[in-house]
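Hello,

Here is the structure we talked about. Please open it and read the notes below alongside.

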Amino acid sequence: GRQLRYTRQATLAWTGFFIANATLSALLYALAPHAVWSFYASLLTAPLVGLMFVAEHLWRLRVLPPEERPRIADVFRVWRQRTSAKGS
């Protein structure tokens with residue numbers, strides 16, 4: 001339903017973001033002065049990732065009703081279960 005559609009769209013959005021970020025970084029590294037690439041890689045990448053998290057959160061609030069939104073504690077619990085199961 002809605003959660004599956006949201007998850008697929010969010011995955012595509014993050015994938016596109018990281019592809020665009022890597023492409024831009026590579027182009028700046030290859031074509032721009034080192035200072036420009038360094039500024040982007042060192043100072044802009046982390047805030048851009050943060051903005052992407054904020055954008056995804058706002059999108060989630062818009063497309064999923066409250067009862068279908070996972071709480072961060074639920075996400076963390078599932079992550080812990082899965083990572084501990086892989087270590088077994």
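Contact here means heavy atoms within 4.5 Å. The model is predicted, so local features need pLDDT of at least 70, side-chain atom pairs count only at pLDDT 80 or more, and totals for chains, interfaces and linings use all residues. Residues are numbered from 1 along each chain as its sequence is written, and side-chain values use heavy atoms, with hydrogens and water left out.

Ser25 first. Ser25 sits in helix α1 (residues 2-31); helices are DSSP runs of H or I, at least four residues, numbered from the N terminus. Leaving aside neighbours within four places in sequence, Ser25 is in contact with Trp37 and Tyr40. Ser25 counts as buried because its relative accessibility is 18%. The cut-offs: buried is under 20% relative accessible area, exposed over 50%, partly exposed in between (1.4 Å probe, protein chains only).

Now helix α2. Phe53 lies in α2, residues 34-63. Phe53 is at 51% relative accessibility, so it counts as exposed. Leu51 counts as exposed because its relative accessibility is 55%.

Which residues line the largest pocket nearest its centre? They are Tyr6, Glu56, Arg60, Pro70 and Val75, out of 15 lining residues. A pocket is an open set of points on a 1 Å grid over the protein atoms alone, where a 1.4 Å probe fits, with protein on both sides within 12 Å along at least five of seven lines; lining residues have an atom within 4 Å of a point. Helix α1 gives the largest share of the lining, 5 residues.

Best wishes

Methods
Helices (H or I, at least four residues) and strands (E, at least two) are DSSP runs, numbered from the N terminus.
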